[in-house]
Amino acid sequence: MTDDTSGLTLVSWNGTRYRFDPGALCLEFLTTGGPGPVGRRYEALHLPGDLAGWLALSRLRLDPDRLEIDPEELSTARRLRDALWRLVCARTGGGPPTDDPADFAATPADLATLNQVAAGAPLAPELTAGGSRQWSLPARGGQALATIARDAIDLFTGPHAGRIRECGAHNCYLVFVDTSRPGQRRWCSMERCGNRHKVRSLRARRAAD
Ligand SMILES: [Zn+2]
């Protein structure tokens with residue numbers, strides 16, 4: 001699992017921007033779309049440049065101009081992401097409502113996809129003079145995908161494997177891993193679902209008074 005403190009800026013349906021740190025690179029990747037008609041509605045990876053742009057915003061923070069991504073790597077990216085969605089839903093027991101439950105049901109093919117992508121050469125880490133880590137560039141899109149797949153295997157087999165959760169808010173299907181010591185994280189983001197919940201319970205308390 002990558003340990004950088006990081007996160008993504010997402011935009012909700014009403015245009016509000018909020019920070020979402022799912023705690024792991026492989027879970028960040030789930031925000032680019034997903035399987036079936038439900039996932040396709042949120043598809044963000046249409047062109048190789050979309051994947052490069054996303055890798056720049058992700059916790060990998062790669063320079064998109066130094067990434068080489070071909071259409072085959074783009075389709076592998078979507079295949080890996082959809083397999084990850086199903087493997088994650090098998091762990092959370094959740095997933096978005098869908099007309100066809102098979103869209104989010106894991107199969108042995110998903111494991112095969114994950115393992116096949118993980119078997120590729122990953123990004124190479126580099127130590128900077130300042131003592132921090134960066135990723136060696138230029139790199140191929142396939143290397144970034146191998147890094148994401150390996151991150152997922154680390155997550156699924158690591159100390160926080162039992163803490164992969166779907167956001168506790170109704171109608172929110174963002175998935176995070178709770179790496180906090182108390183292990184009581186409930187929301188994708190306090191700015192979004194945490195506050196919505198606070199406002200709602202305050203209103204309910206006032207109504208009861
Ligand atoms: Zn949420």
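Colleague: Which residues is L55 in contact with, leaving aside its neighbours within four places in sequence?

Modeller: This is a predicted model. In it, L55 is in contact with L60, R61, L62, L67, I69, A144 and I148, once its neighbours within four places in sequence are left aside.

Colleague: And which residues have the most contacts inside the largest nonpolar core?

Modeller: Those are F29, L55, L84 and I148, in a core of 53 residues. In soluble globular proteins, nonpolar side chains tend to be buried together.

Colleague: Which elements each supply at least two residues of this core?

Modeller: Among the helices, these are helix 1 (25–28), helix 3, helix 4, helix 5 and helix 6 (141–157). The strands are strand 1 (8–11), strand 2 (17–20) and strand 8 (175–177).

Colleague: Which helix gives the most to this core?

Modeller: Helix 4 does, with eight residues.

Colleague: Let us stay with helix 4, then. At what angle do the axes of helix 4 and helix 5 cross?

Modeller: The axes of helix 4 (residues 71–92) and helix 5 (residues 108–118) cross at roughly 130° and come within 9 Å. The two helices are therefore oblique to each other. Helix 4 passes helix 5 in a left-handed crossing.

Colleague: Which residues make the contact?

Modeller: From helix 4, the contact is made by T76, R79, L80, A83, L84, R86 and L87. Helix 5 contributes D110, L111, T113, L114, Q116 and V117. By class, seven residues of this contact are nonpolar, three are polar and three are charged. L84 is also one of the residues with the most contacts inside the largest nonpolar core.

Colleague: A change of topic: is S58 buried or exposed?

Modeller: S58 counts as buried, because its relative accessibility is 0%. S58 is found in the loop between helix 3 (48–57) and strand 3 (67–68).

Colleague: What is S58 in contact with, beyond its neighbours within four places in sequence?

Modeller: S58 is in contact with L8, L25 and E28.

Colleague: Finally, is P125 buried or exposed?

Modeller: P125 counts as exposed, because its relative accessibility is 55% and the cut-off for exposed is over 50%. P125 is found in strand 4 (residues 125–127).

Colleague: Which residues does P125 touch, not counting those up to four places away in sequence?

Modeller: P125 touches R133, Q134 and W135. As for L137, P125 is 12 residues away from L137 in sequence, and their C-alpha atoms are 9.6 Å apart in space.

Notes:
Residues numbered from 1 in each chain as written. Predicted model: local features only at pLDDT ≥ 70, side-chain atom pairs only at ≥ 80, totals over all residues. Heavy atoms only, no water. Axes fitted to C-alpha atoms, helices over the stretch in contact; angles between N-to-C directions. Helix = DSSP H or I, 4+ residues; strand = E, 2+ residues; numbered from the N terminus. Parallel < 35°, antiparallel > 145°, perpendicular 65-115°, else oblique. Left-handed = near helix turned anticlockwise from the far one by under 90°. Contact = heavy atoms within 4.5 Å. Nonpolar A, V, L, I, M, F, W, Y, C, P; charged D, E, K, R; others polar. Buried < 20%, exposed > 50% of the residue type's maximum accessible area, 1.4 Å probe, protein only. Core = buried A, V, L, I, M, F, W, Y, C linked by side-chain atoms within 4.5 Å.
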